[in-house]
Amino acid sequence: MILRAVDFVQLSDTGRERRSNEDSAYAQAPLFAVADGMGGARGGEVASGIVVETLSGGMPDGVPPEEGLAELTREANHRIHQRATSDAERSGMGTTLTAAYVGADAVAFAHVGDSRAYRFRDGQLEQLTNDHSLVGELVRRGKLTAQQAEEHPQRSVITRALGPEASVQVDSFSFDAQPGDVFLLCSDGLTSMVPVESMEQILREADSLDQGARRLIDAANENGGRDNITVVLFRIEGVPEPGDTDADQPTVVGEKAPTADAVEAARAAAAPPSPRRTAPLPPRRDPDPDAPRKPRRGRRVASLLAVLTIVVLIGVGAWIGSRAVFFVGTNSNGIVTVYRGLPYDLPGGIHLYESYYTSGVPAAELPPDRRKGILDNRLRSKSDASDLVRKLELGQVSG
């Protein structure tokens with residue numbers, strides 16, 4: 001079984017005292033991040049935006065997740081520093097970054113600044129990152145308690161960020177994960193306003209990640225909302241490796257499932273070619289009636305192995321094919337969502353699809369005459385599905 005982020009949400013709010021939002025977030029499984037920008041003349045917004053632009057290029061090939069995240073972080077720092085030194089209006093801009101990558105058996109992190117990462121497991125919220133801030137250093141040295149740090153007048157002074165210097169020290173590390181774990185990435189607009197005990201209770205009582213994220217932001221605003229507030233939540237589930245699933249008859253979900261021809265075409269496009277037999281079959285010989293009969297147990301074992309091999313090959317082919325197709329539907333909260341895979345459920349609660357992108361558009365807001373044509377679970381390419389949802393978010397509704 002391998003780990004996957006099958007459900008995730010990102011939300012950001014300007015807060016009650018800021019005029020603009022300099023936070024940025026990235027949530028495209030398996031990569032997630034929060035960046036809290038700083039600097040005048042919208043410099044913070046530019047700096048955090050450069051982080052998202054860098055992450056959207058994807059992880060470097062052929063390196064472990066921790067190393068890949070650190071490399072992306074250093075690349076973002078280089079881009080921000082170059083922009084700050086070449087543009088007088090952006091001089092001094094910078095940003096924090098807390099990024100997470102969901103690997104096959106653990107979650108890797110890269111961290112600079114005072115945005116935070118938490119793991120929510122069995123109703124308990126555990127902080128995974130150390131704040132690169134003045135009060136954070138004092139707490140680690142035993143000069144301040146955690147409570148004193150929350151009330152310290154210089155609690156917003158950070159000691160490390162992307163952009164101000166040509167090079168940056170990046171904290172990179174990994175934490176184990178198990179099915180059911182929820183990870184939280186957030187800017188200090190949340191943690192400076194909401195005690196960890198309250199955050200823990202909100203997540204414990206939330207019916208969904210969307211609800212949890214909205215309640216966290218609401219709590220920060222209710223307590224003053226002095227800064228921009230950004231929250232990214234993602235849930236870990238275990239997904240069977242190719243060949244581990246049964247080849248039972250799937251159950252269709254949604255109003256309209258893809259045709260058998262469409263599924264076969266998608267699977268065949270990504271599946272490896274079948275091996276060819278290059279030698280002729282030996283001539284068949286009639287059995288000698290006088291020869292003693294050999295035990296048939298070996299034949300039964302060979303037949304069973306052959307059937308299992310075929311089942312595994314079919315499962316691998318279907319899995320590979322499902323990675324190449326996408327469809328648009330709604331999640332449990334009625335939010336328009338892009339899914340990767342096939343819109344089928346197998347017995348035992350096994351899905352042949354995973355959440356790829358959760359929009360901010362409730363299905364109930366779509367025009368009734370176009371809703372069915374949009375949420376029809378029709379197989380699409382990645383670009384087709386993403387473009388459709390992007391138009392929905394911009395109010396350019398089309399089916």
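This is a predicted model: local features need pLDDT of at least 70, side-chain atom pairs count only at pLDDT 80 or more; totals for chains, interfaces and linings use all residues.
Me: What makes Arg121 and Asp181 a salt bridge?

Reply: The rule asks for a side-chain nitrogen of Lys or Arg within 4 Å of a carboxyl oxygen of Asp or Glu. Here the closest N and O atoms are 2.7 Å apart, so the pair qualifies. Arg121 sits in strand β7 (residues 116-121) and Asp181 in the loop between β9 (171-176) and β10 (182-186), so the bridge ties together parts 60 residues apart in sequence. Helices (H or I, at least four residues) and strands (E, at least two) are DSSP runs, numbered from the N terminus. Salt bridges with shared partners join Arg119, Arg121, Glu126, Asp176 and Asp181 into one network.

Me: How many salt bridges does the rule give?

Reply: The count is 15. One of them joins Arg18 and Asp227, with the closest N and O atoms 3.3 Å apart. This pair links distant parts of the chain: Arg18 in the loop between β1 and β2 (23-28), Asp227 in the loop between α7 (209-222) and β11 (229-239), 209 residues apart.

Me: What separates Glu75 and Arg79 in helix α2?

Reply: Glu75 and Arg79 are 4 residues apart, which means about one helical turn. They form a salt bridge, with the closest N and O atoms 2.7 Å apart. Glu75, at 32%, is partly exposed. Arg79, also at 32%, counts as partly exposed.

Me: Why is the pair of Phe173 and Phe175 called edge-to-face?

Reply: Rings of Phe, Tyr and Trp (its six-membered ring) pair if their centres lie within 6.5 Å; planes under 30 degrees apart count as stacked, over 60 as edge-to-face and the rest as tilted. The centres of Phe173 and Phe175 are 5.7 Å apart and the planes stand at 90 degrees, so the pair is edge-to-face. Phe173 is buried at 18%. Phe175, at 23%, is partly exposed.

Me: Which cluster do ring pairs build?

Reply: The cluster contains Phe8, Phe32, Phe109, Phe173, Phe175, Phe183 and Phe234.

Me: What makes a set of residues a nonpolar core?

Reply: The members are buried Ala, Val, Leu, Ile, Met, Phe, Trp, Tyr and Cys residues joined through side-chain atoms within 4.5 Å. The largest such core has 25 residues; Val51, Leu55, Leu69, Ile80, Met93 and Leu162 have the most contacts inside it. Helix α2 gives the most, with 6 residues. A second, separate core of 23 residues includes Val9, Leu125, Ile202 and Ala220.

Me: How do you know that Leu304 is exposed or buried?

Reply: Leu304 has 52% relative accessibility, over the 50% limit, so it counts as exposed. Leu304 lies in helix α9 (residues 297-322).

Me: And Val325, buried or exposed?

Reply: Val325 has 8%, under the 20% limit, so it is buried. Val325 is found in the loop between α9 and β13 (326-330).

Key
Residues are numbered from 1 along each chain as its sequence is written. Side-chain values use heavy atoms; hydrogens and water are left out. Buried means under 20% relative accessible area, exposed over 50%, partly exposed in between (1.4 Å probe, protein chains only).
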